[in-house]
Amino acid sequence: MTEQAISQCATIFDIQSFSLHDGPGIRTTVFFKGCPLSCLWCHNPESNAARPQLMFHSKLCTGCMQCVPACRQGVHQVIEHEGNRMHVVDAGLCIGSGDCIKVCCYDALTLVGSLMTVDEVIDRVSKDLRYFALKGDQGGVTFSGGEPMLHVPFIKALVSRMPGVNFCMETSGYAPRESFEEVMPCIDLFLFDYKMTSPTLHTQFCGKDNALILENLDYLHESGKPIVLRLPLIPTINDSADHFDGIASC
Amino acid sequence: MIRSFHDKMASLRDGILPTCIPAWRNYMNHWKVRNPRKDLSFEIGFTKAHREAVSTYTHPAQIELACLRAQYPAILMPIEENDVLAGRIQFGLVGYGIQGQTGGTGYYIDEPRVTEALEFQSGNAKYREDLHDLLTYWKSRNTYERVLRGTPSEIRAIIPTEQWKTQPVAASPIIRMAGAFIDFDKLVKLGIPGLRKEIAEALADCPNSGNDPVFYECLDGSLDVLVECCLAYRSFAQEEARKATTTKRKQEMEALSDACLAICSEAPSSLLQAIELCWIYGLMCPLIEFGRMDEYLGDLYVHDVDSHVITEDQALEMIQSLFHLIDSLDSETDGRVIVGGYGRRNPANADRFCLVACEACRTVREILPQFTLRFGKDTPPSVWDASMRCIGEGRTFPLLYNDEVLVPAVMQAFDVSRTLAETYMPLGCGEIEFNHYSFGSPNGSLGTLKILELAIHGGLDPVSGTYLSFKSPTLEECSTYEQFLELYKSHLAYFIEAQAKYEVYLYEAIGALHPFMMVSLLYDGCLSEGKGIFNGGCQYLAGTLELYGNVDAANSLAAIKSLVFEKKAMSAREMVAAIGNNFVGYERQRKSMMDVPKYGNDIAYTDAILLDLHNYLCEVTKEQAPKVGLKSYLCVNINNAQNTTLGRWVGASPDGRKSGMPLANANNPASGTDKNGLLSMLNSLVKLPHDNMAGMVQNLRFTSETWYGKDGKAQALVEDYFDRGGAQAMITVVGKKDLEQAIAHPEDYKDLIVRIGGLSARFVSLKKDVQQEIYDRTSY
């Protein structure tokens, strides 16, 4: 794919209006798929893989089994378990065709992530523009995920086409310095995760060392960019005095 | 074990459904009195009085006066230990009322309950003879039956039954006179003596005016009965004073006794006197709407507090007690207390009253009154903030009405002046009238999704297997969407025309039987005309038609248009087969129908279809008024759980809805179909105009985290919705988790109140399918 093409489309798994916890004011949050980390406590693990993925909501499944013949990859199977017929899903076989989703009447199957162009995302978020300035607040668009820093060319292209809009980015900080240098002029506020102080524990619980993250944090801070530190507090994991000391000295 | 009649009633009040009571029981009207009457001696006495009256008199006013004397003060009940006001009442199983929630319409009998008393109560031979007599006497004489039997055959041929709860119907009459908003302001200003004076003057002028002197004599006689009621409550207050164990209680009851006496001969001069006079007068109408309370109580409230006659706390206690009395009527719907807005005589004092009323609303945690705030750009921030606080605490009140949108809309819809439009009053579940001037009782309901079902099948109802409408080409026989749409619209018009004729018939039939004197006395024009309100007295006789299923119908039309006629993804035959089989074996087709964009997602395709349907319904309904002789006839899009009950009798529909499932709530999206979030839903909501109909309600539900979070952003959103043309909002702050827990452990959630549509209810007392429908609605 050419650089031009990369900048014009990305795999998005949600665009959520009326977000109240992703920056100041009322915001529309664009969730990008794909993340370099693998945090143990991740509350949207469907964002981890970069490709579209099948999600099976077993509580909504009525057992109609229409998806079984619809799928040509054998993702959906019927098995006998303790005298009952059960629907099991092998998501690893899924190629993201969406054939099973077309026949499910109960929303038990969804495809998380679809390729969207910059134009499509702009069309979608533009519907919410009037809400960003309610009561004089600085609402706007927040890039989140997954890790939005994997999609800097896309973000740059989008921001350039929406002048006057406030943009925030929620990031783990795990991306090349050059990416931050490139994206910084586009972003009004960084919501920056500080998950773990100890490099060993960061690797153990998040899958990667935190040296690059801390360097990027220093860079953003020294450049004067507004930053809000996001501090996930996970009982028995990072609720330690050492970690709190690390936050304090940040 | 045979349980006593009143044990069963007590169980119902506790929210427990006893299995021994038949399912057809109407569970409203428990009156919430501590020691209800144990037998039907009142009902027997009332029947005797009616019998004597109809053999003595022919004038409806004289008959009504005799019945008022038999009913009042017999059904008034003692003051209870936490009451600071006098006003408990227990309407009988036989008696005089104005609509179902006041016992019944006109001269009524609750036949199932009288039958049950006959079957289960003990009593001597004479008593049991009298119970038998009740049943046979009232069988053909009760107003409801007389109205039903007298329905013209041409109307009966189109809307054959009022049994909409148990049978598939396209349209149904509703026999009642709902929405009396009397002139409380005049009552407080003149008091009983002032009203007598007006009556006396009108009576004296009869030789000149040619008006009916008997009507005026009976009006005056009704005021005699009112005085007796005041004195009866005075006796109750004196009894309470005697029993009082604290000085405070003794003083309260003595003041109450004095107030009840004073209003017999003077216009009210204190807040307490005004409240008592208005309440007792209302019981005799009988009323379940309480008007612009800030206007008619505001002056005396301010006077008493500023003159230190009472403290703010004492005033609050009175209003709280008043709200408890309103709740005790247990009317389920209605019970409107309206504050705020344009057109009030005394906005400064009224706004001060608004604040104490808001506090009463916040602290009296019952489902009634339906506290209603009319607001505009002049509404003080303190009143708005107090309202938001109530809503945030999960009260579901106040119901919010935007005067900046509604006053101009009402001017347009009703073709009236700004001055008159400013007196608009939402009654019941949301129909609009003008304060003590117009009467627009909603006496019919129209199932627009049911009618679509008929249109698809050429007039045949697949659920009952009978033709409910005229025979027409079926969907399969239509070659274009436009052709089918015209057919559907013709079926809609067929029923709307019949309903309009029915509305007029009902006014004529009931007007001939009942002058409703206490209502007429305080409705503009009746006194000067010398006529009962429905017999020529009312200056603006109007009507309203309730619509159910518009959103589902629009979603279904979108599916038909898109899949059958535009994309040709399925034939009409295939679609009809799919819905005919409740999608069994047609799951793929159902999925296609479900995937067609739904209203509530800010998608132009379907929103435009609903807009077209809405405008058509509004215009055709409005056109009926001059044809049938009403000042206006307009439709309303409200809800009161009829969306669930009517939906039971509608088969599967082209929007993917399964057979029997609930319809959408008013003009909110169908449950679960608003997938694009709150902002898109609001964008869809504001597309529907309010200037061609008589009321529309919008339900919004927020979790408490959203409502209270982020510096009031949810509230800012609500304000923006109103700024953009939103007319109305009913906001519930409750989470889905609370509802889940309430379903699992109802005993722990007895106080959880939710908004159904035009009424609030205790969630745990709702039927299971209504609970599920409410649970399925989206929370933000």
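Which side chain does B:Lys126 meet in a salt bridge? The partner is B:Asp130, at 2.8 Å from N to O. A salt bridge here is a side-chain nitrogen of Lys or Arg within 4 Å of a carboxyl oxygen of Asp or Glu. Side chains of opposite charge can pair when their charged atoms come close.

Before going on, note that this is a predicted model: local features need pLDDT of at least 70, side-chain atom pairs count only at pLDDT 80 or more, and totals for chains, interfaces and linings use all residues. Residues are numbered from 1 along each chain as its sequence is written, chains are lettered from A and ligands numbered from 1 in the order in which they are written, and side-chain values use heavy atoms, with hydrogens and water left out.

Back to the pair. B:Lys126 and B:Asp130 both sit in helix H5 (residues 125–139) of chain B. They are four residues apart, about one turn of the helix. Helices (H or I, at least four residues) and strands (E, at least two) are DSSP runs, numbered from the N terminus. B:Lys126 is partly exposed, at 48% relative accessible area. B:Asp130 is buried, at 16%. Buried means under 20% relative accessible area, exposed over 50%, and partly exposed in between (1.4 Å probe, protein chains only).

B:Lys450 and B:Glu453 form a salt bridge, with the closest N and O atoms 2.7 Å apart. Both lie in helix H19 (residues 448–456), three residues apart. B:Lys450 is buried at 2%, and B:Glu453 is buried at 8%. B:Arg418 bridges to B:Glu422 at 2.8 Å. Here B:Arg418 is partly exposed at 33%, while B:Glu422 is buried at 16%. Salt bridges also link up into a network, which joins B:Glu240, B:Lys243, B:Lys248, B:Arg249, B:Glu252 and B:Glu317. Over all chains, the structure holds 52 salt bridges.

Now turn to chain A. Seven strands form an open sheet in the order S7-S1-S2-S8-S9-S10-S11, with mixed pairing. Two strands pair if DSSP finds at least two bridges between them. Strands S7 (114–117) and S11 (227–230) stand at the edges, each with a single partner strand, so one side of each is left without a neighbour in the sheet. Neighbouring strands are turned by 30° against each other on average, direction ignored. The axes behind such angles are lines fitted to C-alpha atoms, for helices over the stretch in contact, and angles run from 0 to 180 degrees between N-to-C directions.

Strand S1 (residues 9–19) of chain A pairs with S7(A) in the antiparallel sense, over four bridges. A:Cys9 has A:Thr117 of S7(A) as its bridge partner.
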